[in-house]
Amino acid sequence: MAKKPLLEFTNSGIYCARGRFYIDPWKPVDDAVITHAHADHAYVGHKHYLAHHLSKEILLYRLGQIQLQTVAYGETVMKNGVKISLHPAGHVIGSAQIRVEYQGEVWVVSGDYKLEDDGISTPFEPVPCHHFISECTFGMPVYTWKPQVQIFEDINNWWRSNLHHGVATVLVGYSLGKAQRILQNLDLFNGKVYTHGVIENTNEALRRNGVLLNPTERITADSVKEEVRQGIILAPPSSVGTPWMRKFQPYSFGYCSGWMAIRGAKRRRAADRGFVLSDHADWNGLISAIDATGCESVYLTHGYTATFSRYLNEIGFDAHEVHTLYGEEDPSNLPEGEAFNELTDNPNANKVLSIGEDLSEAGGSVS
Amino acid sequence: MKAFAQLFLSLDETNKTNEKVKVLKDYFNTVPDTDKMHMLALFTGRKPKRQINSTLVRNWAIEASHIPTWLFEESYHVVGDLAETMALLMPETTNSSSKTLTDWIAEINALNDKTEAEKKLWLLDSWAMLDSQERFVFNKLLTGSFRVGVSQNLVIKALADISGVAAAVLTHRIMGSWLPQTYQYAQLIAEQDAAENISRPYPFFLAYPIQETSEKQKTPAEVGIALGAAADWQAEWKWDGIRAQLIKRGGEIFIWSRGEDLATEKFPELHPFLHALPDGTVIDGEILSFQNGQPMPFNVLQTRIGRKNLSRKILEESPVAVIAYDCLEYKGEDIRSKTQSERRLVLEQLQAATLFPEVFRISALINFNTWEELGAIREQSRAMIAEGVMLKRKGAAYQVGRRRGDWWKWKIDPLSVDAVMIYAQKGHGRRADLYTDYTFAVWDGDKLVPFAKAYSGLTDAEVNKVDYFIKRNTIEKFGPVRTVKPELVFEIGFEGINKSTRHKSGIALRFPRILRWRHDKPKEEADTLESLKALLGE
């Protein structure tokens with residue numbers, strides 16, 4: 001009989017039976033190891049959480065009072081004889097890959113990751129393993145990113161040009177990760193940075209955590225509209241088209257996302273400017289990251305899993321598609337936060353899932 | 001080409017009309033006159049002849065991208081645009097080229113007598129000297145299909161602004177067939193019309209609907225409030241055929257469809273009456289299939305549209321006639337500025353004199369004294385094989401393009417059924433990588449029978465929600481098509497219903513679209529094929 005794999009895919013999330021803990025579970029469990037604080041990875045309701053130090057304040061801010069243990073990258077935690085350590089994923093501040101080891105067998109769960117050093121998140125480090133559980137949000141060859149220096153040059157030029165033409169500048173990106181990455185790369189000689197409350201709350205949590213961010217000013221009822229229009233406004237996707245945003249008119253509105261690589265997706269967002277800036281690995285990034293782990297098999301959790309696994313198998317990897325509740329094929333289709341609600345409110349969530357089909361067999365082949 | 005590529009990018013980067021016009025003006029002001037005319041041709045649907053078939057272009061692009069064919073196809077489904085897919089998949093280049101749009105189009109046209117090997121060499125070389133955005137527009141040139149999200153009106157407005165020639169005049173001067181290689185910018189903007197072009201049609205005058213959507217019904221009283229005294233208006237049936245302009249000039253005849261396609265040869269039965277018209281006559285009308293003096297539904301006409309060869313059988317089964325609406329030119333004089341009533345008199349005289357009254361018909365005026373009376377007559381539209389009624393202000397000139405004020409269409413409410421979504425496919429363009437093209441079914445016993453496809457009618461937010469549902473409730477995948485768990489119910493509206501031997505359901509709908517998402521209805525309460533077929537009698 002085949003040995004039970006160290007990690008398996010269950011209705012609640014990625015599970016380690018030997019260590020009796022879950023990684024990024026979406027149903028309430030006793031013991032959860034969290035890759036990063038985004039809503040589709042860090043759910044509310046677990047009895048105990050383990051995450052990186054830099055995720056601490058943001059998790060407390062987002063999930064309320066939880067029982068949380070935090071560790072540094074590379075630090076080892078033992079759970080029922082299973083060795084756990086966190087390694088930089090480069091996705092957002094505090095994001096980690098989870099390395100799980102038992103009796104010499106090593107699994108790594110990537111969470112979300114990108115390879116480029118964004119100047120604020122600890123850069124991605126490949127972690128050698130036997131089994132790699134990877135995202136592939138942008139696992140199609142049409143997604144290839146340019147270096148962020150080029151993108152920020154475009155963003156800063158656009159901001160300058162808006163100032164010149166007397167229109168306000170509104171830049172949209174996710175409140176955790178994208179917003180801070182943008183903030184740290186803006187040319188502050190252009191003006192001040194104003195933030196939507198959701199982003200400023202996130203910034204404050206990160207600052208409490210000791211992260212040094214460029215100065216920002218929260219937009220409140222007392223903000224002077226004409227002053228705000230002289231700076232740049234950072235806003236989350238959920239604010240697009242709201243009265244809150246409209247009060248800064250006339251403005252030019254930019255959207256930072258990997259989805260902006262496709263003209264149709266860009267036109268759908270009706271953004272004035274689409275900046276191709278992603279916190280996920282692009283096509284080549286995914287392949288080189290997977291290759292660098294030296295893994296025997298790779299499991300793809302979310303994104304273009306069918307296409308990407310087929311391609312990986314063709315070029316000689318042992319790749320498998322698995323079904324999880326992480327990510328959206330296009331998360332920007334839903335306002336931020338809505339994805340979370342939809343998932344928990346969906347009475348069909350269990351029926352829709354088809355999880356763990358051929359995994360015990362796949363895992364067993366290792367032993 | 002850099003300027004043309006930048007034009008595309010800049011147009012994409014704004015949704016504001018004024019800025020689009022500004023971008024267009026900036027473009028016109030930077031490029032040579034020959035480029036202006038090529039751009040104008042492309043933006044008004046006059047694409048260059050396809051010199052390399054798109055399968056070859058696609059195959060060579062796959063080669064240049066170093067990926068397997070299946071992955072290219074998958075990428076295409078994600079991007080939703082062939083030209084863009086090819087541009088994205090090819091490796092970045094460090095070369096660059098200073099060729100203009102005119103140069104490139106000349107090179108493309110010169111491929112005509114080249115061998116396949118020569119074409120391939122040229123294409124690979126060309127790709128290697130263009131950056132990603134240039135490649136995208138270049139691929140568009142090669143493969144046709146130039147949809148830019150900029151209306152012809154905006155391009156004309158920009159041209160009018162920089163040339164000082166009125167927009168209506170420019171719109172007229174770019175009607176019909178012309179080649180950017182020979183039609184010069186100087187001719188286009190000359191004070192006096194310099195081009196001798198006897199085939200050139202006038203821009204069509206088009207009506208807006210008086211009720212914006214079928215959900216916003218207008219009562220006759222409301223129509224009255226909007227339009228004023230009934231006596232100031234003439235009403236006609238709104239016929240459902242092919243809107244056309246029929247021209248007799250210099251002994252020659254031309255038939256133009258509203259899409260500015262020259263369709264003279266498609267309607268041979270109209271030739272005798274056209275030849276018999278006095279020289280210098282232009283008629284606006286609707287071409288329909290007629291049998292025994294009765295107009296036939298659009299699907300009868302549809303059987304002969306798009307056929308290269310019109311067999312005797314087709315001509316016998318689906319003979320056409322024109323129902324004339326208006327006269328735009330009489331005795332060589334443009335009479336568009338005369339009033340509706342004056343032009344109507346001219347049209348009536350012309351029609352009264354014809355020896356071919358069976359094919360040269362006139363759109364009868366509907367007698368009515370009050371809006372209520374007309375409202376009641378409108379209810380008979382379906383029995384008349386009409387889509388509703390047209391309202392035209394008696395004192396109005398024949399204008400250019402779609403205008404509010406003097407012409408209105410007052411369509412009848414669509415027929416509708418509640419149907420279950422069973423298949424879905426990804427859309428194209430701005431709906432790329434989203435499931436937006438749906439197939440709907442009604443009950444036939446305990447089976448769901450597909451009967452219509454519809455693409456439009458939902459808001460963006462609803463499309464996102466449906467897409468979310470589809471991605472999580474897929475039963476099977478057949479290539480790009482997903483079989484979806486039957487659950488969501490939609491109200492499908494359509495203009496007409498006819499028997500069809502080509503469809504499994506035995507029926508074909510005219511203009512099906514989604515009226516609304518019936519969140520309140522479980523799939524069991526969707527309509528039946530039987531109830532749909534009952535509408536056939538109406």
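In chain A, strand β1 runs antiparallel to strand β2 (residues 14-16), and 2 bridges join them. Strands and helices here are DSSP runs (E, at least two residues, for strands; H or I, at least four, for helices), numbered from the N terminus, and two strands count as paired if DSSP finds at least two bridges between them. Across this pair, Glu8(A) stands opposite Tyr15(A) in β2(A). The model is a predicted one, where local features need pLDDT of at least 70 and side-chain atom pairs count only at pLDDT 80 or more, while totals for chains, interfaces and linings use all residues. Residues are numbered from 1 along each chain as its sequence is written, with chains lettered from A and ligands numbered from 1 in the order in which they are written.

The β1-β2 pair belongs to an open sheet of 6 strands in chain A, ordered β1-β2-β3-β4-β5-β6, with mixed pairing.

Strand β12 (residues 168-172) of chain A pairs with β15(A) in the parallel sense over 4 bridges, and here Val172(A) stands opposite Ala235(A). Strand β13 (residues 193-195) of chain A also pairs with β15(A) in the parallel sense, over 3 bridges, with Tyr194(A) opposite Ile233(A). Taken whole, chain A has 12 helices and 19 strands, and 50% of its 367 residues count as buried.

As for the meeting of the two chains, 28 residues of chain B are in contact with 22 residues of chain A, contact being C-beta atoms, placed from the backbone, within 7 Å. On the chain B side, α5 (69-79), α6 (82-89) and α19 (460-472) each supply at least two of the touching residues. Chain B itself is split by the domain assignment into domain 1 (2-143), domain 2 (205-411) and domain 3 (415-537), the bounds coming from an automatic or database assignment. The C-alpha centres of domain 1 and domain 2 of chain B lie 39 Å apart.

Terms used: A residue is buried if 20 or more other C-beta atoms lie within 10 Å of its own, exposed if 12 or fewer, and partly exposed in between; C-beta atoms are placed from the backbone.
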